[in-house]
There are 2 protein chains.
Amino acid sequence: MKDQSDTIPALVADMGRRARAAAAELAYAPAEARNAALQAAGEALVASLPQILEANARDMDYGREKGLSPAMMDRLMLDEARVRAMVEGLEAIAAQPDPVGQVMEEWDQPSGLHIRKVRTPLGVIGVIYESRPNVTADAGALCLKSGNAVILRGGSESFHSSRAIHTALATGLRAAGLPEDAIQLMPTRDREAVAEMLRATQYIDVIVPRGGKGLVGLVQREARVPVFAHLEGICHVYVDAAADPEKAMKVVLNAKTRRTGICGSAECLLVHRDARALGQSIVDALMAQGVEVYAEGLTGTRPATGEDFGKEFLDMKIAARVVDDIDAAIAHIRQFGSQHTEAILTEDQAAADRFFQRIDSAILMHNASTQFADGGEFGMGAEIGIATGKMHARGPVGATQLTSFKYLVSGNGTTRP
Amino acid sequence: MKDQSDTIPALVADMGRRARAAAAELAYAPAEARNAALQAAGEALVASLPQILEANARDMDYGREKGLSPAMMDRLMLDEARVRAMVEGLEAIAAQPDPVGQVMEEWDQPSGLHIRKVRTPLGVIGVIYESRPNVTADAGALCLKSGNAVILRGGSESFHSSRAIHTALATGLRAAGLPEDAIQLMPTRDREAVAEMLRATQYIDVIVPRGGKGLVGLVQREARVPVFAHLEGICHVYVDAAADPEKAMKVVLNAKTRRTGICGSAECLLVHRDARALGQSIVDALMAQGVEVYAEGLTGTRPATGEDFGKEFLDMKIAARVVDDIDAAIAHIRQFGSQHTEAILTEDQAAADRFFQRIDSAILMHNASTQFADGGEFGMGAEIGIATGKMHARGPVGATQLTSFKYLVSGNGTTRP
């Protein structure tokens, strides 16, 4: 490490300056070069598979020592299939249409002006994430695709895996003749580096934080840089009085158990009191599949306590509560939700409409599983995550949402009267 | 004033809570009610014309005492024509299509899901502005149109004018049966109220600051709430070697002198060294019209000093500089510009393309006056201002850019494989 990088603020400033320089180059780099870098990075990932798995084994040992939950260990784990999935992700991103320079709208004004609204990169993006090492590849690739430079700060659990993956990304950039500084990885586990990134308004245009409560609190206290919040996914499923029993059973089981470690998994089941019998049979089925149910008004594994509501378990656990009516369900979600994804199960269109209108989450589902909260399932290709904030980006954030725009106006000596 | 409002933090918290409650009501208020409120507010403005002009006279006295520049006094001044223009603004906003609930995109996925992307209000907007009292009407109306509650904090110079205008807006809200708290005006000139708004993350979703250097600094130091920056308009006009002399003369004069107090007025003229003779004749014409020109490489009113570059004069003053080539012009703009609006005057399409690609301002003009930087001239109707940031909103910000969106997803018991 260089002399000026001996302290965390100096390290972040140095990385920031290099990111700014890389961003200026990226803004003119043709789409072909950015896509070639993604392809080459994919090849480098395949070539370095043994090193990646070895690095991941070190991280898994560390995770076991730290006593991570099975869901967390699942997030952390890499095998050949998951590395190949990462490679396919890079290829898919390379194959997507290029957002940079895209003409979003164009029109003529009576003044004689012709106006084009054109997509531009945002500049430098800081991504702060936790255990999943594949975010290193996905986030790095999406930022590159959208013409942005990126500073990645992975979780301390996935430290070695992320470094091995980052090495492959750097190889891809070099192969395509692009600046290696376009994708940088924070070379320290020191948590002060996160705080420093959050304050680096001079170097970072937007922070994308993806994580749980600890990161949420830090971001809320410290962020001076604009934030695309990718925070907790406290997803609710509401079984309405007019729910179809078969659909409800199927969707709730899928929403909770298909994969518990992702942000779109359901964390709380709400049941209309007139659907209590159905709710109980769903709770029984969840328990039969090994899910712990913390229930209020239903018989679960144990009664719910106040702390079970608004909690992101990311595990085979769910809170459950009987509510008086749809408005009580809406009130519960407003109080405990994280504006990520909520589902209503009902055959009553008016109830679905009310739920859709009155809840302000990024994604609302009617008779569908919350596990569909995913850029791929939305047809957007890869995503950097699901934004829970309302500024600029919301819901699944792919390359397109990582851009801004500018207006290009053409006249012919045109003056304003 | 109520007891809990005796201190500024308590005042802002109280206003914030009331704004949140109003925003919840506004989210369901039909477009008809919001438009009726705008119409009624316009009628109330007409009915209270004498009171508004009287209040404005007090502000003008205060401005004269403070020794405001002629351009500032022009911004502050209201007469019957300007009040009527405000009323027309309200009517035009009422007549615009309603952004709230608009389906931006909808599509089907192979999974069977139908996805709609629907516009939603942002929530509570804080607008911090300076001398122009008409912003009270424009900003209040645009926030209402987009289903947002707003807390307005006008400049101390326009304190009485803004209060009189706000009274008319409140009358309109009452007449339409909407909560008066939907549009609140900060009832104090205390600057601490601005700092408090910038920290009110619990109550305010986004701050729209419109102002000069003082406000810029405060926002950069203090803002915890996301910001749509509407900061200085340090607009540049570059006369290229291949400029058409007649167009260049016409456009520069218009860009500087049509109206000097608006953010789209030109503050710096850059001239390619091969167009020096043309540049000099433009400088002579500017001086003949009463503009002070601070020039480097040309003969102006006086030589330029370093402080003249990057300065927002908002007055009959302009900096001017001869540059070696288009890249030097681009470098000057990157160093001194505020990413608002820049124009190139050239018959060389390659030069225009280079200027458009390499400068990252919200608006770039080719052979057109920077004074076209205006929501109306862009065909967007009224604007809350020209955003100079890149997050969420950029360029002219009308009602549509004051919204967010959510995804409404419909299935039929659909689960994710």
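**Sheets and contacts in a predicted two-chain model**

In chain A, Val124(A) sits opposite Ala149(A) of β4(A). These two residues belong to strands β3 (residues 124-128) and β4 (residues 149-153) of chain A, which run parallel and share 5 bridges; strands count as paired when DSSP finds at least two bridges between them. Helices (H or I, at least four residues) and strands (E, at least two) are DSSP runs numbered from the N terminus. The model is predicted, so to speak of a local feature takes a pLDDT of at least 70 and side-chain atom pairs need 80 or more, while totals for chains, interfaces and linings use all residues. Residues are numbered from 1 along each chain as its sequence is written, chains are lettered from A and ligands numbered from 1 in the order written, and side-chain values use heavy atoms, without hydrogens and water.

The β3-β4 pair of chain A is part of an open, parallel sheet of 4 strands, ordered β5-β4-β3-β6. β5 (183-185) and β6 (206-209) of chain A are at the edges with a single partner strand each, so one side of each has no neighbour in the sheet. On average, neighbouring strands here are turned by 20° against each other, direction ignored. Helix α1 (residues 8-26) of chain A lies across β3, β4 and β5 of that chain, at about 145° to β4(A). Such angles run from 0 to 180 degrees between N-to-C directions, with axes fitted as lines to C-alpha atoms, for helices over the stretch in contact; contact means heavy atoms within 4.5 Å.

Another open sheet draws on both chains: its 10 strands follow the order β1(A)-β2(A)-β16(A)-β13(B)-β12(B)-β7(B)-β8(B)-β11(B)-β9(B)-β10(B), with mixed pairing. Its edge strands, each pairing on one side only, are β1 (103-108) of chain A and β10 (302-303) of chain B. Within chain B, β9 (residues 292-296) and β11 (residues 317-323) pair in parallel over 5 bridges, and Val293(B) faces Ile318(B) in β11(B). Helix α11 (residues 276-288) of chain B lies across β7 (235-239), β8 (266-272), β9 and β11 of chain B, at about 155° to β8(B).

The chains also pair strands elsewhere: β13 (residues 363-368) of chain A joins β16(B) in the parallel sense over 5 bridges, with Ala368(A) opposite Thr414(B). As for the interface as a whole, 71 residues from chain B and 71 residues from chain A take part in the contact. About 5,700 Å² is buried between the chains, 50% of it from carbon and sulfur atoms; buried area is the accessible area (1.4 Å probe) lost on putting two parts together, summed over both.

Between the chains there are 51 residue pairs in polar contact, both residues at pLDDT 80 or more. A polar contact is a pair of N or O atoms within 3.5 Å; within protein, one must be able to donate a hydrogen and the other to accept it, and residues adjacent in sequence count only if both atoms are side-chain atoms. On the side of chain B that touches chain A, β16(B) gives the largest share, 11 residues.

Over all chains, the whole structure has 50 salt bridges. Among them is the pair Asp74(B) and Arg259(B), at 3.9 Å from N to O. Asp74(B) is in helix α4 (residues 70-76) of chain B and Arg259(B) in the loop between α10 and β8 of chain B, so this pair ties together parts 185 residues apart in sequence.

Technical notes. A salt bridge is a side-chain nitrogen of Lys or Arg within 4 Å of a carboxyl oxygen of Asp or Glu.
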